[in-house]
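The structure is shown first.

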Amino acid sequence: MNRKKLNYLYVSLIAFVVLFLVIGQAFPTGKTDSRTVSAESASIAAPAEPKKKLVMGTSPDYPPYESVDAKNNGEIIGMDIDIAKYITGQLGYELEIASMDFNGLIAALQTGRVDFVMSAMSATDERRQNVDFSDFYYAARNTIVSKKSAPLETLESLAGKLVGTQLGSTQDIFAETIEGAQLKKLNKIPDLIQELNSGRIDAAIVEDAVAVEMTNANADLAMHFLPADLEENGYAIAFPKNSRLVDSFNGVLADMQESGKLDEIARKWFPEQEEPADRLLNLNIDFSVLKGYIPYILKGVYVTLLFTLVSALFGLVWGTVLSLFKISGIKPLEWFATAYTSVFRGTPLLVQLTLIYYATPQLLGFDIPALMAAGLAFGLNSAAYLSETIRGGIMAVDKGQREAAIALGVPYRKMMVRIIFPQALRTILPALVNECVALLKESSLVSVIGVTELMRRADVVRASTFRAFEALLLVAAIYYVLVLILTSFARMLERRLRRSD
Amino acid sequence: MINVTDLTKTFGKNQVLKGISTAVEKGEVVAVIGPSGSGKSTFLRCMNMLETPTSGTITIDGIAITDPKTDIARVRQRIGMVFQHFHLFPHMTVIDNITFAPTQVKGMPIEEARAKAKELLARVGLSDKADSYPSRLSGGQKQRVAIARSLAMEPDIMLFDEPTSALDPEMVKEVLNVIRGLADSGMTMLIVTHEMKFAREAADTIYFLDDGKLVERTKPEQFFTKPQSERAARFLEQVL
């Protein structure tokens with residue numbers, strides 16, 4: 001590696017640290033932020049302070065274990081939550097719930113974002129390598145769900161069939177052992193339903209509670225339970241390695257088992273007779289299932305717009321700074337801006353987002369809230385694209401404009417702000433609008449780190465209703481309307497700017 | 001008022017100014033003429049450091065503007081410049097073009113700047129165009145606004161870089177009349193021009209530049225009737 005490259009690294013590193021610090025100052029951190037944004041987004045206690053509070057990580061898309069009560073303020077409810085509340089209450093802690101994607105739970109434990117995880121998680125050997133588990137508190141049965149028209153009832157019948165599972169779930173690992181079955185791993189339960197309905201998979205393997213809900217909501221699906229196996233499918237509470245909490249939790253669990261409290265909670269969430277849902281025979285799409293969920297979804301519009309606005313503004317400001325670096329004529333600044341653009345344009349946004357969210361606490365000891373991590377990642381990314389657009393816009397302004405301003409004695413900053421930028425803006429406005437539209441739609445990506453914007457809310461509702469399409473179609477329509485409003489607003493702005501022609 | 005000593009300017013391998021020395025008195029009107037490529041515009045643009053000289057010094061009222069330590073922005077406030085292609089700010093109205101520098105650079109109150117701008121517009125005969133955008137004006141009108149914009153900073157010196165070269169013939173006169181009025185008011189001016197008749201009538205001194213050198217520096221009468229150098233004679237033969 002030659003010296004020039006080392007210089008690059010240095011400059012980018014320093015700029016990054018400064019950037020993080022600046023942004024850290026600009027955003028309110030931790031609890032207050034997540035509260036104002038939504039009850040579901042992650043909020044974390046600082047690990048160092050003496051805590052009376054325990055933070056529990058969960059992926060609330062798995063009723064009746066945990067789900068978002070979208071019809072009631074979006075609170076997280078479920079059997080796991082009730083058990084957690086009881087245990088922490090007995091131990092004298094306050095319980096705080098952090099919602100995140102199931103696949104991120106183990107990472108959250110390892111990075112100290114949460115103190116324990118309850119998310120219908122079974123204690124597999126693989127997981128045991130990374131985290132500690134409590135004793136089992138519940139055992140679920142693996143269940144085959146298939147179309148009524150082509151029922152599959154036994155493991156043997158699955159040979160040669162395409163079987164769907166939820167990625168990372170216990171059933172996913174169980175399904176690996178089915179002889180002759182071909183597996184298709186999907187991210188969410190609603191995805192499984194959708195694939196079943198459209199005939200892309202022949203069967204899905206899920207656990208009992210889920211199967212009951214799936215068949216209730218989708219009349220043409222049938223289910224067949226497989227025998228329970230406590231060793232394989234026992235659910236346990238996960239802790240970071242060597243956590244002192246394991247023993248005290250096990251103590252309370254044993255008491256609950258003895259006193260019948262555990263059974264009581266289980267009965268509350270698994271009623272003997274499932275209420276039959278509305279009969280929707282042969283109807284694949286029925287928007288009445290969304291009744292009651294609409295206000296919850298609409299609240300996501302606010303989060304999505306807030307997020308888009310913050311990341312667009314941040315991207316615009318930082319992109320402008322970068323574009324000025326590029327035309328500054330100062331070599332190190334030019335190198336930095338070029339290297340920056342190259343890295344942020346050359347790697348996927350989803351990777352940047354995940355890295356910033358999970359790596360920041362470990363690298364900088366700063367517990368970055370999900371919405372801020374998302375705003376930062378999108379802002380940094382869009383700045384890379386915008387810096388090129390803005391640079392082009394500035395270069396396109398007639399050189400004489402600059403000379404006229406200089407000759408009048410106008411200082412550099414005033415010249416850029418009042419003379420050059422307004423003219424550059426006119427040229428690049430269509431490109432800026434494109435970028436905003438892209439940001440608005442790509443904001444759906446941030447659902448992966450648990451920010452409750454529109455897409456995340458649609459996922460939550462899909463999980464709660466066990467219906468694949470309705471919520472998706474609704475948010476698609478909402479996104480479309482938002483984009484239409486944005487573009488017509490941009491047209492108005494453009495007309496205003498063209499006034500002088 | 002302006003003292004130029006041994007001024008040179010090189011673009012890459014091309015030496016455009018090859019050692020020019022001269023002095024301009026207060027109130028003097030200088031017409032800079034010469035064949036294209038002779039360095040007229042570069043010479044003019046050095047006077048307010050739009051081009052940085054390669055060597056040599058320029059002092060204005062004793063201030064060495066070629067010294068890197070000099071606050072050149074302050075000096076430029078005292079030197080107005082009018083360009084061949086006007087360079088009005090297209091996103092501002094005529095009156096905003098004129099009031100921008102006084103309010104933003106000198107901190108003049110906006111009411112005062114507007115009153116002064118209206119006075120200047122009256123002087124260049126464009127009182128009715130205050131609220132128009134530049135795109136609605138003819139070339140001659142644009143150039144007169146550009147002159148008013150420079151005058152709004154109350155400069156001691158005015159530089160004109162081929163102010164009529166981009167104009168349709170019928171508009172040349174209205175602009176030259178404004179410049180002539182300015183010359184009569186005692187403003188120190190350097191004008192790069194191809195308008196020989198105008199140079200002869202309005203200028204106190206003619207600078208004839210050829211190949212980066214100040215070949216002649218004489219009174220107009222003498223220059224146009226009895227040029228001293230053979231090159232000037234040949235040039236006049238071609239243009240007159």
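Why does B:His87 count as buried? B:His87 counts as buried because it has 22 C-beta neighbours inside 10 Å. A residue is called buried if 20 or more other C-beta atoms lie within 10 Å of its own, exposed if 12 or fewer, and partly exposed in between, with C-beta atoms placed from the backbone.

The model is predicted: local features need pLDDT of at least 70 and side-chain atom pairs count only at pLDDT 80 or more, while totals for chains, interfaces and linings use all residues. Residues are numbered from 1 along each chain as its sequence is written, and chains are lettered from A and ligands numbered from 1 in the order in which they are written.

Most residues other than glycine have a negative phi. Helices (H or I, at least four residues) and strands (E, at least two) are DSSP runs, numbered from the N terminus.

| Residue | Phi | Loop between |
|---|---|---|
| A:Ala120 | about 45 degrees | strand E6 (116-117) and helix H5 (125-128) of chain A |
| B:His87 | about 55 degrees | strand E6 (79-82) and helix H3 (94-105) of chain B |

A:Ala120 also counts as buried, because it has 24 C-beta neighbours inside 10 Å.

Strand E11 (residues 203-207) of chain A is largely enclosed by the rest of the structure, because 5 of its 5 residues are buried. A:Ala203, A:Ile205 and A:Glu207 point one way from E11(A), and A:Ala204 and A:Val206 point the other way.

Two strands pair if DSSP finds at least two bridges between them. Strand E8 (residues 142-147) of chain A runs antiparallel to E11(A), joined by 5 bridges; here A:Ser146 is the bridge partner of A:Ala203. Strand E9 (residues 162-166) of chain A runs parallel to E11(A), with 2 bridges, and A:Gly164 stands opposite A:Ala204.
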